[in-house]
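Me: Could you take a close look at the helix packing in this model for me? I'd like to know which residues do the touching, and how the neighbouring parts are laid out.

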Amino acid sequence: MNLSLTDITLTYPDGTGRLTALDQVSLEVPAGTVVAVVGPSGSGKSSLLAVAATLITPDSGSVTVAGRETRTLGPGALAELRRNHIGVVFQQPNLLPSLTAAEQLQVMAHLAGRRPRHARRRALELLDTVGLSQQADRRPHQLSGGQRQRVNIARALMNEPSVLLVDEPTSALDQERGAAVMNLLVNLTHERCTATVVVTHDRSHLRAVDRTAEVHDGRLAELPPPGGLISRRAPTTT
Ligand SMILES: Nc1ncnc2c1ncn2[C@@H]1O[C@H](COP(=O)(O)OP(=O)(O)OP(=O)(O)O)[C@@H](O)[C@H]1O
């Protein structure tokens, strides 16, 4: 199991009281699995990602990443866990304007203290994997929105994370490019055995993923697979 959230409750200050953003949420994401998280605006999806990314500490419950329970880890150990085991893809590809696509990836390896020559080779391999081998030396303004999002995804994979957390990767893209980015995420998850959580508003992408969970008022419930009830065989009556 690469990511495990157990009985997570998270509240925020709200005037004189507290607002419950996550209410006893549990979610298990094994290696090589994509779980999509859907739900109305304000239901708690981003809070769930932030807790899984260990960026917010919940009021109660436990977060386990790559076999390490995070409650007892200090700030230094948490930062190291994030650097080495968690990849995050934000909604807007926040790429650095002056760096080429390959350099955006190399920076991640540099921050993790990895050797520059290996980093260059790995960056080029990853850009090839996401279909951007011809664009490695382009800067963000020379790339399309879909290409920038692919660089964003490749960058999150640079340090071979066990857990990949993705916030609305298709919101700035048209239907076709959005579906291509979602299929890419699913293929990369299966190939690289990451535990991937994707927050999405677009239910048309749900067929591509392995499982879907819905958040309502901070409570999470898993949905049956699309077509699962229809394709189930009728019991034999012999
Ligand atoms: N820093 C904060 N302080 C106080 N309340 C917050 C904070 N962040 C989020 N909230 C509240 O917590 C609830 C859950 O917010 P969250 O951002 O997780 O929802 P969401 O499902 O991601 O929404 P959206 O789809 O609009 O991005 C909302 O009621 C929101 O107003």
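**Helix packing around α5**

Reply: Happy to. Helix α5 (residues 145-157) packs against helix α6 (residues 175-192) at an angle of about 15°, and their axes lie 10 Å apart. The angle makes α5 roughly parallel to α6 (under 35 degrees; over 145 is roughly antiparallel, 65 to 115 roughly perpendicular, the rest oblique). This is a predicted model, in which local features need pLDDT of at least 70 and side-chain atom pairs count only at 80 or more, while totals for chains, interfaces and linings use all residues. Residues are numbered from 1 along each chain as its sequence is written.

α5 passes α6 in a right-handed crossing (the near helix is turned clockwise from the far one by less than a right angle). On the α5 side, the residues that meet α6 are Gly146, Gln149, Arg150, Ile153 and Leu157. Their partners in α6 are Arg177, Ala180, Val181, Leu184, Leu185, Leu188 and Arg192, with contact meaning C-beta atoms, placed from the backbone, within 7 Å. By class, this contact has seven nonpolar, two polar and three charged residues.

α5 also packs against helix α3 (residues 101-111), here at an angle of about 25° with the axes 8 Å apart. That angle makes α3 roughly parallel to α5, and their crossing is right-handed. From α3 come Ala101, Gln104, Leu105 and Met108, which meet Val151, Ala154 and Arg155 in α5. Sorted by class, the contact of α3 with α5 has five nonpolar residues, one polar and one charged.

Now for the strands. An open sheet of six strands runs in the order β6-β7-β8-β3-β9-β10, with mixed pairing (strands pair if DSSP finds at least two bridges between them). Its edges are β6 (86-89) and β10 (219-223), each of which pairs on one side only. From one strand to the next, the twist averages 20°.

Note on methods: Axes fitted to C-alpha atoms, helices over the stretch in contact; angles between N-to-C directions. Helix = DSSP H or I, 4+ residues; strand = E, 2+ residues; numbered from the N terminus. Contact = placed C-beta atoms within 7 Å. Nonpolar A, V, L, I, M, F, W, Y, C, P; charged D, E, K, R; others polar.
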